[in-house]
Each structure stands twice: as C-alpha cells, then as structure tokens.
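Welcome! Let us take a friendly look at a pocket and at a pair of packed helices.

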Amino acid sequence: MKFSMSFLCLLSSVMLMTGCGSMYMTKSQTVVKEKKSYSKILVIARGKNEIARSIFEQDVARTLEGHGIDGVAYHKESGIGIPVDSELTEAQIADLKNKVMDMGFDGVILTHLVNAEQYKELIPTGVYPSTDPNYYGQWGYYFVYYPVMDWSPGYSVEGTRLELESALYDVRATDGNSLQWLGRFKLDDPEDLQKATSNYAKELVTALRQESIK
C-alpha cells in the first residue's frame, strides 16, 4: 500500500505527539495549591498482590529518601493493621489517620488500581522507499519510476493495560482538605516489575516535588 508524502508527514506528527516513551503519568491535579513540607511520609499500595505492593512501596520510599524526605513502606510498619486489599470504611479511614499521626507521620501516599483492560495494537515495522512502477497517461501504457513510501505489514501486540491512581494526603490538615494531590498513571503489560515500579516511583515523586511538596 502506498502513501503520499503529505499523509506520511501527518502520520509522523501524530506519532510524535502521542509518543512511545516511558512516561506513565497521564494527568495530575493539585487539589491544594499551596506546596507543603513533609518530614515523614507513609507509602501505601493497595491491592491483592503482596509482592507487587511491597516492591512498589519500597521504591517510592527509597525515591522520597533521595529527595530528603523520610519515606516508610507500609508493609514494614507493624501495628497499623488497616486492610490493603479491600475497601475501607469511614471508621477505618479515621483510625488510619489517628494511628499514622501518633507514629509521627505528616503525610500519606496512597496508590491503588483503578482499572485493568485488555488491549491489542498494530505495530508497523517501518517505512521504506518503493520503486514499483507507477503508471500514468490516458491509456495506461506509460510509466515512470519515482520514490514513494511503502508501509511494511507490521505485527500486533496485545496485553493488559493497567490504570493506577496515586494520591498525597496531609494528615495534619484540620479543615477537611487532607487530600493534596492526585495523579493517574498507565502501564502497558509491564514484564519487568522491578523496572516498572522504579520508573513509576521516580515519575510520581518528581511530579509531587514539582506540584505539591516543598
């Protein structure tokens, strides 16, 4: 199949805009505009996969440490006792807030899975010049060779797309505005869990420092 150069330029522009980089964050919202300082943040990942939770919590805590903030993974803190694989009641949320305040935390980063869906996409293998004869003329017997662009057949990939949400809470807030920041992230079928959580943690903490944390 042949494409005109104008169509090729448009396609290239779209590919550049959508991108295929390693960024996971799709959007963020600063709920409380004022940036605040935190000295000790509890990192909580909610879900049924205990290994994935613990790896993620440690990566975020370690990244916070790199920014001079004491980050603590939830699974390493005994005595809090709040379930991480089921919905919390209002009483449990209030109990969690009281416990983390008593333990010296002034912030909480909470991450949970929002959605998981199957996807299938066609990945083209490349664009290359073609020298197939291109006929012209009223009777169709004359032809000329000139470079046009052919699109190779490509291949399809499929897997699971995960959408996650991370939120920063200020447990010191007394005006009802404990929620400070929200971010949405998408990961396509991460094969290397350690690499994926490490990159996610870096993007999350970088965004928090830019938008919500002093």
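The lining of the second largest pocket has 15 nonpolar, four polar and five charged residues (nonpolar: Ala, Val, Leu, Ile, Met, Phe, Trp, Tyr, Cys and Pro; charged: Asp, Glu, Lys and Arg; polar: the others, Gly among them). This is a predicted model, where local features need pLDDT of at least 70, side-chain atom pairs count only at pLDDT 80 or more, and totals for chains, interfaces and linings use all residues. Residues are numbered from 1 along each chain as its sequence is written, and side-chain values use heavy atoms, without hydrogens and water.

The pocket holds about 610 Å³ of space. Among its 24 lining residues, Arg46, Leu88, Ile93, Leu96 and Leu110 lie nearest the centre. At least two lining residues come from each of strand E3 (40-46), helix H3 (90-102) and strand E5 (107-123), and H3 gives the most, with five.

Now for the helix pair. H2 and H4 cross in a right-handed way, and their contact has 10 nonpolar, four polar and two charged residues.

| Helix | Range | Some residues in the contact |
|---|---|---|
| H2 | residues 50-66 | including Ala52, Ile55 and Phe56 |
| H4 | residues 193-211 | including Leu193, Gln194 and Thr197 |

How are H2 and H4 set to each other? The two pack at an angle of about 40°, with their axes 9 Å apart, and are therefore oblique to each other.

Notes
Axes are lines fitted to C-alpha atoms, for helices over the stretch in contact, and angles run from 0 to 180 degrees between N-to-C directions. Helices (H or I, at least four residues) and strands (E, at least two) are DSSP runs, numbered from the N terminus. Angles under 35 degrees count as roughly parallel, over 145 as roughly antiparallel, 65 to 115 as roughly perpendicular and the rest as oblique. A crossing is left-handed if the near helix is turned anticlockwise from the far one by less than a right angle, and right-handed if clockwise. Contact means heavy atoms within 4.5 Å. On a 1 Å grid over the protein atoms alone, a cavity is a set of points where a 1.4 Å probe fits but cannot get out, and a pocket is an open set with protein on both sides within 12 Å along at least five of seven lines; lining residues have an atom within 4 Å of a point. Grid points are joined across faces, edges and corners, and a volume is the space filled by probe spheres set on the points.
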